Amino acid sequence: MPSSQPQSRGCATAAVIGAAVLLLSAAGGAAWYVLTRENPETGVYDAAPACEVGETEALDARVPERELTLEESVGGAADPFGQGRQCRWATPGGEGESVPATATLVMVAAPNPGGVVTAQENFQATTSAQNAFPVDDLGDQAVAWIDAGGYTTACVAVRVSNLYLESCHSAAAGYDGRVPADEERVTAGAEEIARATVDALPEEITREED
């Protein structure tokens with residue numbers, strides 16, 4: 001529990017962030033497979049939303065005193081899996097009243113036509129390498145998994161129409177950051193952030209023709 005008095009977090013935030021970034025690199029963008037777009041079903045997202053869509057009350061609760069530490073593009077117009085962005089928020093280092101935590105968010109909109117089919121395959125290919133379990137009542141498809149091989153991190157992957165969304169969360173058990181929070185806590189955090197982000201998604205994003 002956070003103390004009412006500021007305490008030094010030292011290098012703890014860097015340790016927590018490092019664990020989350022490694023997982024994001026492995027799970028969030030390394031294994032995209034794409035089906036041919038013979039299925040013309042068109043998704044509702046011509047582009048992925050900005051990182052601001054993830055800045056919810058759930059994020060505030062799970063990553064206290066958060067700062068946006070990364071916002072960058074994923075993929076591009078020439079990439080068949082689509083394009084979007086990845087975002088990372090972290091509790092800042094130094095003295096503070098909260099133990100360090102971090103959250104990452106990946107959002108990729110598969111290109112239309114056939115975007116729904118491509119997003120389904122993106123979802124399957126990215127999550128099939130994990131020991132994932134289903135998450136009910138979240139988007140069109142949703143699963144969660146835990147990486148306990150290093151610093152415990154939990155992720156939730158969601159497909160909404162032709163949008164793939166992945167939320168990962170990691171937190172320390174104390175100010176020094178040496179011991180990660182338990183699996184139940186970080187899994188609940190990843191799911192809360194994912195649900196709040198999905199709730200905040202616009203109904204559609206339409207790219208205007210030039």
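Buried means under 20% relative accessible area, exposed means over 50%, and partly exposed lies in between (1.4 Å probe, protein chains only). Keep those cut-offs at hand for this tour.

This is a predicted model, so local features need pLDDT of at least 70 and side-chain atom pairs count only at pLDDT 80 or more, while totals for chains, interfaces and linings use all residues. Residues are numbered from 1 along each chain as its sequence is written, and side-chain values use heavy atoms, with hydrogens and water left out.

**Stop 1: the sheet**

Colour by secondary structure. Helices (H or I, at least four residues) and strands (E, at least two) are DSSP runs, numbered from the N terminus. Select the seven strands of the open sheet, in the order E2-E3-E5-E9-E8-E7-E6. Their pairing is antiparallel. Two strands pair if DSSP finds at least two bridges between them.

Look at the edges. Strand E2 (67-75) and E6 each have a single partner strand, so one side of each has no neighbour in the sheet. From E2, step across to E3: eight bridges join these antiparallel strands. Here Ser73 stands opposite Arg85 in E3.

**Stop 2: strand E9**

Now select E9. Nine of its nine residues are buried, so E9 is largely enclosed by the rest of the structure. Both faces are covered. On one side are Leu163, Leu165, Ser167, His169 and Ala171. On the other are Tyr164, Glu166, Cys168 and Ser170.

Pick Leu105: its bridge partner in E9 is Ser167.

Follow E8 into E9. The two form a hairpin with two residues between them. Stop at Ser161 in the turn, where phi is positive, at about 55 degrees.

**Stop 3: the helices on the sheet**

Show helix H3 (residues 115-127). It lies across E7, E8 and E9 and runs at about 160 degrees to E8. Axes are lines fitted to C-alpha atoms, for helices over the stretch in contact, and angles run from 0 to 180 degrees between N-to-C directions. Contact means heavy atoms within 4.5 Å.

Next show H4. This helix packs on the sheet and touches E5, E6, E7, E8 and E9. The direction of H4 makes about 145 degrees with that of E9.

**Stop 4: the nonpolar cores**

A nonpolar core is a set of buried Ala, Val, Leu, Ile, Met, Phe, Trp, Tyr and Cys residues joined through side-chain atoms within 4.5 Å. The largest one has 33 residues. Select Met107, Leu138, Val158 and Leu201, which have the most contacts inside it. Elements giving two or more residues to this core include strand E3 (83-90), strand E5 (101-109) and helix H4 (183-200).

Which residues does Leu201 touch, leaving aside its neighbours within four places in sequence? They are Tyr45, Pro49, Val53, Val160, Leu163 and Leu165.

A second, separate core has seven residues, among them Val143, Cys155, Tyr164 and Cys168.

**Stop 5: the salt bridges**

Side chains of opposite charge can pair when their charged atoms come close. A salt bridge here is a side-chain nitrogen of Lys or Arg within 4 Å of a carboxyl oxygen of Asp or Glu. The count comes to five.

Start with Arg66 and Asp60, at 2.6 Å, N to O. Arg66 is partly exposed at 26% relative accessible area, and Asp60 is partly exposed at 38%.

Move to Arg62 and Glu192, at 2.9 Å, N to O. This pair links distant parts of the chain: Arg62 sits in helix H2 (residues 57-62) and Glu192 in helix H4, 130 residues apart. Glu192 is partly exposed at 36%.

Now select Asp140 and Arg159, at 3.7 Å, N to O. Asp140 is in the loop between strand E6 (133-134) and E7, and Arg159 is in strand E8, 19 residues apart. Buried or partly exposed: which is Asp140, and which is Arg159? Asp140 is partly exposed at 49% relative accessibility, whereas Arg159 is buried at 7%.

Last, select Glu55, Asp60 and Arg66 together: salt bridges with shared partners join them into one network.

**Stop 6: Gly139**

Finish in the loop between E6 and E7, where Gly139 is found. Gly139 is partly exposed, at 45%. Beyond neighbours within four places in sequence, Gly139 is in contact with Val158, Arg159 and Val160.
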